[in-house]
Amino acid sequence: MLVPLAGAVALSVLLGVAAFVIFNREHDCSDGTLPLRVVASPDVQPALSKIAGTYTKALHSIDSKCVEVTVVKETSAKAASAVAAGKFAGDVWVPDSSLVLSRLESAGRPAEAAVPQPAGSIASSPVVLAAARSSVTKLEGALKPSWSTLVAAANAADPDGPGKKVRVVALDPQKSSAGLAALMAASGVARETGQTKALVGALKRLSGQVAADSAALLASLTVKTGGKVPIGVSSEQAIHTHNTKKPETPAVALYPAEGTLSLDYPFTVLTKDLATQKAAADFRQELSKDSARKVLRTQGFRDPDGKAGGALSEDEGFTPAAPKALPAPDAKTVATVSQTWSRLNLGTRLLTLLDVSGTMALPVPGTNLTRMRAISKIATEGLALFPPDSEMGVWMFSTHLDGRGKDWKEVVPVGPLTESIDGALRKDVLARELSTVQAKATGDTGLNDTLKAAYTEMTRTYARDRINTLLILTDGAGNDDPDGGVGNAEILRFLEETYDPQRPVSILLIAFGPEAQAGKKQMDAVAKATGGEAYIAKDPLQVRDFFLQGMERRLCTPDCDG
């Protein structure tokens, strides 16, 4: 009995030795360790750290060195800045979206500093609309889950639309990839559906309603009694993370009907060291295994192909099936749309010139308004579109308005809307002046003298961090000044000589009245001499579109055509 037992023992020893030799040949740490530093987006970093821990314990060997993977978190925006500056402190970068790489690509980096093509996506998370679970029934009658209705609800120039019932909260696309993806998706759909003006109005409003991050946005979705229902944009995974913390107001994902874009977590190898590149490739292979993907799915991510795990069940407020994917934008489109947001969100510095000449007292046919009241309504409608950080002021003009020979009078000096003037906020002073202004019965227009003085002042006090605009509101009678003053040809020469494309002050001219069309040629010439635009309003409500068109020109200033 001892002989076969001894043979069995010997065989087991031999098998053990063979296994030891094979294991150590594949997991040879004789030359020490090979560190691999991965910098990852904060949302995916916990899952990657868990996978990295398992991977490191398994003693994966590269050139007789065992790979030790550490995963640190850094926002994609900050990491991108470090990459652009050549100060990236890592071997591998996993940002949350390829859109971040597209931004770097569009920045015109030299070939030697170009970011390598990523080695594929390691996970995905669709960008969706987010609402409190308790408010879903209220939303059913106010907003269909789509990018089109989201744009309509956020449009600052359509207060009678879905925005009456819904308050849209955004993520800053300059800091958040989910915010950028939402911007790209919404702008693409808006172009296809003819919502360009509405998109401008939406972006203008959303600039003042951005949340600090996804966590703050999701925490703000609580519906206040009698208030508008808040809805935001978020990645699916961020909603999952929010709900795992057992908040008082759990959130649900609403999937846009047109489709959406997803965060795709590209695995990007930046190290130049060959051994570290091999280690990165080996770790990348580990991330493609089902064991690693199971860890990611458990934390609310989908596989790169959109497959979801149990964390994204219907009971948890999600739709497990992968949503329809919108076409991924190219680097040029990402750059253009990003610039749209940046330009529209430059601060506003605006001086309004308000016509108070005698013809402004005439009635508007078919209404119970005088031209003065109609123009005041236009001004109030338009100025309400601008955010609280704007700087504004008002001059009124008519011949000899402020003493003999001076056709203008400063009523409210240009300054921050939130600044106090004699105990009242500037925005309230503006509203009061616009609501009580009266036409000067014996006054002529005196536009050109006023325009020259105002343009000189706005040029002298130009603010580089703002869009500087001169807004003229008139009944379109032109420069009716029997005492002479600056003529039409002279004002055009002055504007052409004074306008500086490096310090642009643009003129937005809106006329309302039966004489407006006769002066349209001069109006166009005055506005376009400064890269601005002139409009004739047939209805005070048209001013919303005119202001939005004026805002659109921010995207091309100072290189606008026509």
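1. How much space lies in the largest pocket? About 1100 Å³. A pocket here is an open set of points on a 1 Å grid over the protein atoms alone, where a 1.4 Å probe fits, with protein on both sides within 12 Å along at least five of seven lines. Grid points are joined across faces, edges and corners, and the volume is the space filled by probe spheres set on them.

2. This is a predicted model: local features need pLDDT of at least 70, side-chain atom pairs count only at pLDDT 80 or more, and totals for chains, interfaces and linings use all residues. Residues are numbered from 1 along each chain as its sequence is written, and side-chain values use heavy atoms, without hydrogens and water.

3. The lining of the largest pocket has 39 residues (an atom within 4 Å of a point). Ser-41, Pro-42, Thr-75, Asp-96 and Lys-175 lie nearest the centre. Helix H3 (76-84) is among the helices that supply at least two residues, and H3 gives the most, with five. Helices (H or I, at least four residues) and strands (E, at least two) are DSSP runs, numbered from the N terminus.

4. Helix H6 (residues 147-154) has seven of its eight residues buried, meaning under 20% relative accessible area (1.4 Å probe, protein chains only). Trp-147 and Leu-150 are among the buried ones. Their cover includes strand S6 (166-171) and strand S8 (229-235).

5. S6 is also mostly covered, with five of its six residues buried. S6 runs parallel to S8, joined by four bridges; strands pair if DSSP finds at least two bridges between them. Val-169 stands opposite Gly-232 in S8.

Terms used. Buried means under 20% relative accessible area, exposed over 50%, partly exposed in between (1.4 Å probe, protein chains only). Contact means heavy atoms within 4.5 Å.
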